[in-house]
Amino acid sequence: MTHPVPEGSLLLHIGPQKTGSTAIQHALHHAREALAAHGVQYVGSRPVEKEAGWVALGFGASIGRRPPRPETWQRVVDEIAGATAPRLVLSNEDFGRADDDAIGRILAACGAGRTHLVYVARRLDKVLPSHWQQQIKARLTASYDDFLREVLAPDAHTWTSTLVMDPQDVGAVLARWGKVLPPERLTVIVADEDDRAALPHAFESLLALPAGLIEPPPGPANRSMALAETEAVRRVNAVSRAEGWTPGEYRNLVQLGVVKALKERPAEAGGARLGGVPEWALPRVADLADAQVDAIISSGATVIGDPERLRVRGRVEPVPAREPVTAVDLDLLADVVSGLRSGSARMQPTRPVDVGALRDELGGRQLLQLLARRTAGRLGVRRR
Amino acid sequence: MTTPEPLPEGSVLLHIGPQKTGSTAIQMAMHLNREELARHGVHYAGSKHAPREAGWAVLGKGSAVGRPAARTRAWEQLVAEIRDASLPRVCVSNEDFALADDAAAGRIVEGTGPERTHLVFVARRIDKLLPSHWQERVKARLTLSYEDFLDQALRPGASDWETGLLWGPQDVTATVERWGRYVDRDRISVIVADEDDRTVLPRAFEALLALPTGTLVPPRMKSNSSLSYPATEALRRVNRLGYDEGWTPTEYWRLVQAGIVQKLKERPDEDQPRLRGIPARFFDQVADRAEQQIDALRTAGVTVIGDPDRLRIRGQLEPVEPPPAVETVPLDLLADIVSGTRTGAAKLRAAEERRADRAARQAVRSQSGRELVGQLGRRLGRRAGLGKGRG
């Protein structure tokens with residue numbers, strides 16, 4: 001039985017990525033009124049304040065976007081400072097990547113003395129394919145196997161391996177936040193691959209909400225891409241690199257075009273999903289999973305759910321070796337083209353027509369000619 | 001091959017195609033070799049390989065998908081060019097002319113000169129023509145499969161627009177009858193294409209135009225190369241998407257024809273299946289039509305260059321089943337379509353930007369006289385050093 005955080009607390013959910021954050025954020029966002037009625041304020045005005053988070057984390061701009069604006073984080077800071085509800089929730093899966101300085105900034109805003117941290121641990125063989133897919137949407141061109149080889153290398157320190165694996169190192173993440181927060185204010189929720197309600201229920205318990213109040217909305221928001229779809233985007237990425245597309249083009253044509261079109265496909269379209277790791281990677285993933293379980297048990301944090309569920313060894317079958325995807329069906333092709341078209345339409349310059357400026361471009365002589373023609377026309381004189 | 005006599009000096013050779021009978025190759029051979037032609041007394045009319053806009057203008061049929069309306073001036077200019085040409089012989093070639101109705105044929109001959117015009121068109125074996133024509137139509141937004149297209153085109157009494165587009169220009173009797181109203185039959189020639197000998201067409205044109213043999217060399221690059229069957233099927237799927245999403249003709253032109261098709265034409269696709277021939281269930285009907293074509297050539301009373309029997313299908317050829325249905329396309333074909341779509345989309349955006357610009361300039365021009373006078377006054381005031389002019 002989980003005890004709610006005391007009144008006056010701020011529940012800080014730090015993801016990490018690919019552990020079901022989007023679903024819980026959308027659920028909280030859509031339930032704002034009901035939450036308020038039960039004394040809970042969900043900080044922000046969107047499902048997640050991504051840009052504000054990048055400011056707090058000290059990150060630069062992502063592909064094709066402007067750099068994050070400091071005022072977005074300031075708004076979050078001000079909202080928290082002015083909030084009067086008994087319990088606050090702030091959720092941002094990127095905070096799972098916070099270093100010591102960022103943790104300092106985040107806790108200064110949240111109030112270190114009242115912050116309860118929530119970290120969601122998900123079985124690693126489920127996190128990895130999901131992460132690869134996420135990276136493909138951000139212009140990665142590596143195959144799944146190459147991606148796994150990179151992030152699973154024992155001494156990996158590449159940008160991708162850091163991005164993917166560091167937030168999964170639950171021991172290190174809890175130790176970092178634990179420098180400031182006492183263990184009784186650290187909570188780990190163990191995700192249950194067979195029970196999608198486990199996460200919302202855990203949040204309901206922590207926030208003293210009636211059961212069933214947080215319902216993830218159904219819909220395409222969380223549709224994962226099928227393997228063939230992911231491979232199609234990967235191929236588009238290769239084209240974009242070969243042809244030197246600008247980041248702005250990539251963002252519009254692919255992220256806001258193709259990927260968006262693919263998200264709108266029926267849930268079952270596109271065929272097989274990855275859903276796991278291949279045989280060669282399983283021993284390494286099992287080792288990392290065991291270390292994760294040990295770290296959670298020894299962290300002193302409150303644990304919701306059974307950490308043993310995170311174990312891979314002896315419980316998880318490798319995904320069968322598949323023939324590489326070399327072709328896509330015609331409907332997928334059509335959806336890619338449809339996405340490119342709508343992505344391109346976003347790039348349409350919508351500058352208003354500035355008649356004044358154009359008129360100023362005309363010389364006096366041209367203005368005179370225009371007038372003369374106008375006058376001649378009115379007098380019925382034909383000029384050639 | 002019977003070598004035709006050269007046309008008399010002062011003649012205009014009017015080549016009307018039709019489409020998919022090797023027109024582009026012969027046009028490129030003449031267009032790229034204008035100087036050499038001129039040295040031998042032949043003026044090739046127009047400034048591109050074919051005067052397409054002039055053709056659309058005189059046909060009065062509207063231009064191809066999404067293009068701006070043809071300007072009448074384009075045809076008038078071509079007529080003036082033919083009239084003013086000082087060389088002994090002129091050649092005008094446009095495969096769209098084969099689509100002319102009676103009135104348009106009259107207008108065309110009026111322009112090229114009824115007394116001096118010699119008409120030439122090409123007859124090609126229908127089993128070669130059909131797959132080629134279908135592909136051309138897919139590049140122009142058709143969504144019918146090859147077999148559905150054949151099914152529709154071979155239905156007895158079919159009179160739909162698509163079918164008319166196919167058979168109209170191939171109908172030797174009707175073509176001779178239509179143009180024969182304006183051009184004497186002894187000034188009409190039909191060249192029988194030879195599928196095994198690509199030199200038949202250039203040799204015939206050289207003979208008619210009194211050019212030395214070997215002057216006309218079709219470019220080595222296939223000028224209007226065909227797409228592989230998977231590429232055509234992919235395009236057909238994009239066409240369906242275009243209808244599902246209600247793309248405008250302009251969008252289709254830029255995205256697909258100027259974007260995707262251009263990119264697909266660059267693909268060698270040598271290992272990919274190509275569509276050819278006639279499936280068994282259509283074979284007899286097509287063979288019948290070929291025989292009608294041969295009979296028509298023999299009885300039309302016009303000059304026939306080459307042996308009409310080369311067009312025979314029955315007893316000469318076997319039915320060919322189409323390649324297996326295309327359900328998936330290779331990733332590299334997807335890549336080319338993505339690349340082509342991006343190029344087309346950029347062209348579309350550029351065109352819309354130009355259009356917005358023109359509209360803005362138009363807005364300036366449509367300002368009232370009073371506004372213009374005010375503007376001029378302010379300008380003059382500033383120039384005279386009066387500071388801020390009065391409004």
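Reply: Two residues are in contact here if their C-beta atoms, placed from the backbone, lie within 7 Å. Keep in mind that this is a predicted model. By that cut-off, the contact between the chains draws 36 residues from chain A and 35 residues from chain B. On the chain A side, the elements that put in two or more residues are α11 (227-242), β7 (327-329), α14 (330-346), α15 (355-361) and α16 (364-379). The top contributor on that side is α14(A), with nine residues.

β7(A) is joined by three bridges to strand β7 (residues 328-330) of chain B, and the two run antiparallel. In that pair, A:Val328 sits opposite B:Val329. As background, strands of a sheet pair through backbone hydrogen bonds, either parallel or antiparallel.

Now for what lies behind that pair, starting with chain A. It has 16 helices and seven strands, and 42% of its 384 residues count as buried. Take the contacts in chain A between residues at least 6 apart in sequence: 80% of them join residues at least 24 apart. Chain A also has an open sheet of six strands in the order β2-β3-β1-β4-β5-β6, with parallel pairing. Its edge strands, each pairing on one side only, are β2 (40-42) and β6 (302-304) of chain A. Neighbouring strands there are turned by 20° against each other on average, direction ignored. Inside the sheet, β4 (residues 115-121) and β5 (residues 186-190) of chain A pair in the parallel sense over five bridges, and A:Leu117 faces A:Leu186 in β5(A). Helix α1 (residues 21-30) of chain A packs on this sheet, where it touches β2 and β3 (87-91) of chain A, and its direction makes about 140° with that of β3(A).

Over to chain B. It has 15 helices and seven strands, and 42% of its 391 residues count as buried. Its C-alpha atoms fill a box of roughly 90 × 55 × 40 Å along the principal axes. Its domain assignment gives domain 1 (12-223 + 276-319) and domain 2 (227-273 + 330-391). The centres of these two domains, taken over C-alpha atoms, are 32 Å apart. Nine residues of domain 1 of chain B are in contact with 14 residues of domain 2 of chain B. On the domain 1 side, that contact divides into three nonpolar, three polar and three charged residues.

Chain B has an open sheet of six strands too, in the order β2-β3-β1-β4-β5-β6, with parallel pairing. The strands at its edges are β2 (42-44) and β6 (303-305) of chain B, and the twist averages 25° from one strand to the next. In this sheet β1 (residues 12-15) and β3 (residues 89-93) of chain B pair in the parallel sense over four bridges, with B:Leu13 opposite B:Cys91 in β3(B). Helix α10 (residues 200-208) of chain B packs on the sheet, touching β1, β4 (117-123), β5 (188-192) and β6 of chain B, and its direction makes about 155° with that of β5(B).

One more spot in chain B deserves a look: B:Ser226, in the loop between α10 and α11 (229-244) of chain B. B:Ser226 counts as partly exposed because it has 18 other C-beta atoms within 10 Å, and a residue needs 20 or more to be buried. Beyond its neighbours within four places in sequence, B:Ser226 is in contact with B:Ser132, B:Gln135 and B:Arg274. B:Glu136 is 90 residues away from B:Ser226 in sequence, yet 8.6 Å away in space, C-alpha to C-alpha.

That takes us to helix α6 (residues 126-138) of chain B. Its 13 residues should span 18 Å at 1.5 Å a residue, and its end C-alpha atoms are 18 Å apart, so the two agree. Among the buried residues of α6(B) are B:Leu130, B:Trp134, B:Gln135 and B:Val138. The buried residues of α6(B) pack against α7 (146-153), α8 (161-167), α11 and α13 (280-299) of chain B.

Definitions and conventions. Residues are numbered from 1 along each chain as its sequence is written. Chains are lettered from A and ligands numbered from 1 in the order in which they are written. This is a predicted model: local features need pLDDT of at least 70, side-chain atom pairs count only at pLDDT 80 or more; totals for chains, interfaces and linings use all residues. Two strands pair if DSSP finds at least two bridges between them. Domain bounds come from an automatic or database domain assignment. Ala, Val, Leu, Ile, Met, Phe, Trp, Tyr, Cys and Pro count as nonpolar, Asp, Glu, Lys and Arg as charged, and the others, Gly among them, as polar. A residue is buried if 20 or more other C-beta atoms lie within 10 Å of its own, exposed if 12 or fewer, and partly exposed in between; C-beta atoms are placed from the backbone. Axes are lines fitted to C-alpha atoms, for helices over the stretch in contact, and angles run from 0 to 180 degrees between N-to-C directions. The expected span of a helix is 1.5 Å times one less than its number of residues.
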